[in-house]
Amino acid sequence: MVKYEVSVTTANLAQATTMNNVFIKLVGTDGESKRTWLTSLKGTAAFYLGAESKFSVSCPTSLGKLVLIEVDKKPLPLFPEDSWFPSKVEIKSPEGDTYRFPIYRWISDSEVKLFREGTALRVFEDSHHLGKYSREKELNLREKQYCWDVYAEGIPHCIKVDNPLDLPSEVRFSFTKTTEFLFTASTGLTELKLKGLSDCKQNWTDIDAISRVFCCKRTGISDYVQKHWRDDAFFGYQFLNGVNPLMIRRCSVLPKNFPVTDDMVFLRGSRSLADEMQTGNIFLCDYNRLDGVKTSVINGKKQYLMAPLVLLHQTPDDKLMPIAIQLKQKPADDNPIFFPTDSEYDWLLAKIFVRSAEFSEHQLNVHLLRTHLLAEVFSVSLLRNLPMVHPLYKLLVPHTRYTLQINYLARLLLIAKDGVFTKFAASGGEGMFTILKRSLSSLTYSSLCIPDDIAERGLESVPNFYYRDDGLRLWDIIHRFVQGVLGHYYKSDAEVQQDSELQKWIQDIFVHGFLSQASTGIPQSFGTVAELVKFVTMVIFTGSGQHSAVNTGQYDYGGWMPNTPISLQRAPPTTKGSSSESTMLQTFPDVNTTVQGMSTMWLLSKQSSDFVALGQYPEEHFSEEIPRKVIKDFQGELEVLSAVVKARNQSLDVPYTYMVEVENSVAI
Ligand code: FE2
């Protein structure tokens, strides 16, 4: 007889314990063990949460190289069946080899489950017949569990699920996350002490009243925003380091529909636009995507959403100053171009209409579509097409944590018929889908890859652009990490080409995420290791750094409503000289709309206590030495980045931390 030492670890998660009897069968290249009851002196405590328990399994002869284990559990008579979450099984063979089996799965019934040994295997090298069988079985099951659905035509497809409890338990929120999220969602207004205002359909009557409401919950940055929201330099700064750093681009030729002349923006011929454009000092934000979007009616009042053009000038002291704003795309007498030299409220109102356009552009395109919805597509395709033993599954599954459930909730709470955006944002329901569809049809692969995006927008040398500085460093760190892991498994382009599972992953992404639009430049297949590494870098960057950059500061920059109004309820001025503070207050959203916007920003910026930081992998999917070392190097590089950013932030009025306090996945 030979003995196998079996060690089983139950995850340290709420409700992970099982009191049921657990059985195991070891399967190797030379045979299999009997189904063996795992008993120890610990008795029923052996599978308590956090416990690591040791057992032995005897066999008449060696089983050869272990390929998989079969695990099942049965309740004791009179005991109920419970759910168990084992994290891993380690087995020491009589030859002295250690085999690791990552599990990380809820086992809730009595069915036998198969788990592969942890060494990553691509489909074309998985030669053992039992290995092949379990691979196929796993993917067949996953295709049934993770089905595509069309939520609305023209936007990325999503997971088919009618209720979060229909999601497989592995991808659901933890008990902690559910409790905290539901608590914050249901008590957001109370937590902000705004409950009494949520039914008030009145205008704001003075700015101090907004200030009194806002004082309930502040952050260091939201305080700064309240003090500086009227400043032109801060208005310009937000295009670089606010929650939407994707709108601004260098301008070398003025758009034909934005007829700005030198004497309008540079007094007494001090400069010429042509010269400044040639030097690279002129920038443009063009919200043409919002042109003609149908707006909503809130509290019985028509709402307004503009499609502005904003021209900015980089001054010799490195400030980015707005110099001209046109609120509608078509030049006309009743569509004046506003300048900083106009009356205080003409110019301020023009900026407020831009900031409100920012709300829709940021929330729908930059945040929802470009991070949440895409991350869901990457995740569903991964779960449908790659088995646990595949190296890409091991690499990416930690970066899918909570994404499916948070997106289900985003659809339910934000964009469904009674969602906050549908009811309280200027675009309402119909306009919102117009913006989402236009955003997807103009999305490009290069705009998702920050080095290409910065180059295409001509922003390489803009001073004080921390999103770019930190984002490019983070991209490089992630790229080295992905190269280290995938480069270990894919030694040649031919290996990438022949990996049919990998190819199915990208095909599904192209079809279900980008709706087969070749013009996006999204790959439809992978031909080289470099292409694969770049795409996977983009996937991890989008779900971590990019999502954080557009998500974490939502309350910082949006909590003080005048800086980012969710909607506006008066048309913009069509002539100059007639606007006042009272015009501004009548233009702002009503009290109830304002506080709904504030509490949503609050909920969406709130980190959960079971946050997993980028680069932390509490689930150990990799068994081999090289990927484990690459993970350590990745963690080390992220720490260095964090220290560099912290030191840089010491000298800034507004610290930029959104690229370093980052979660592994889109989870909020
Ligand atoms: Fe988010």
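# Reading a predicted iron-site model

Guide: The iron ion is coordinated by H367 (NE2), H372 (NE2), H547 (NE2), N551 (OD1) and I668 (O), at 2.1 to 2.3 Å; donors here are N, O and S atoms within 2.8 Å of the metal (3.2 Å for Na, K and Ca), and water is not among the atoms, so sites may look incomplete. This is a predicted model, in which local features need pLDDT of at least 70 and side-chain atom pairs count only at pLDDT 80 or more, while totals for chains, interfaces and linings use all residues. Residues are numbered from 1 along each chain as its sequence is written, and side-chain values use heavy atoms, with hydrogens and water left out.

Visitor: How are the donor residues of the iron ion spaced in sequence?

Guide: The spacing reads H-x4-H-x174-H-x3-N-x116-I. Distant parts of the chain are linked by the pair N551 and I668, which are 117 residues apart, with N551 in helix 18 (residues 529-551) and I668 in the segment after helix 22 (625-649). Helices (H or I, at least four residues) and strands (E, at least two) are DSSP runs, numbered from the N terminus.

Visitor: Is N551 buried or exposed?

Guide: Buried means under 20% relative accessible area, exposed over 50%, and partly exposed in between, with a 1.4 Å probe and protein chains only. N551 has a relative accessible area of 3% and is therefore buried, and I668, at 10%, counts as buried too.

Visitor: What does D470 touch, leaving aside its neighbours within four places in sequence?

Guide: Contact means heavy atoms within 4.5 Å. By that criterion D470 is in contact with L641, V645, R648, Y656 and M659, once neighbours within four places in sequence are set aside. D470 belongs to helix 15 (residues 466-489), and its relative accessibility of 0% is why it counts as buried.

Visitor: Which strands make up the open sheet of four strands, and in what order?

Guide: Strands of a sheet pair through backbone hydrogen bonds, either parallel or antiparallel. Two strands count as paired if DSSP finds at least two bridges between them. The open sheet has the order 5-1-7-8, with antiparallel pairing. Its edge strands are strand 5 (52-59) and strand 8 (98-102), each of which pairs on one side only. Strand 1 (residues 2-10) is joined to strand 5 by eight bridges, and S7 has K54 in strand 5 as its bridge partner.

Visitor: Where does strand 13 find its partners?

Guide: Strand 13 pairs in the antiparallel sense with strand 12 (residues 249-250) over two bridges, and five bridges join strand 13 to strand 16 (residues 309-314), again antiparallel. R249 has L284 in strand 13 as its bridge partner, while I282 stands opposite H313 in strand 16. Four of the five residues of strand 13 (residues 282-286) are buried, so the strand is largely enclosed by the rest of the structure.

Visitor: What is the phi of Q15, and what is the phi of Y402?

Guide: Most residues other than glycine have a negative phi, and most peptide bonds are trans. Q15, however, has a positive phi of about 65°, and for Y402 phi is near 70°.
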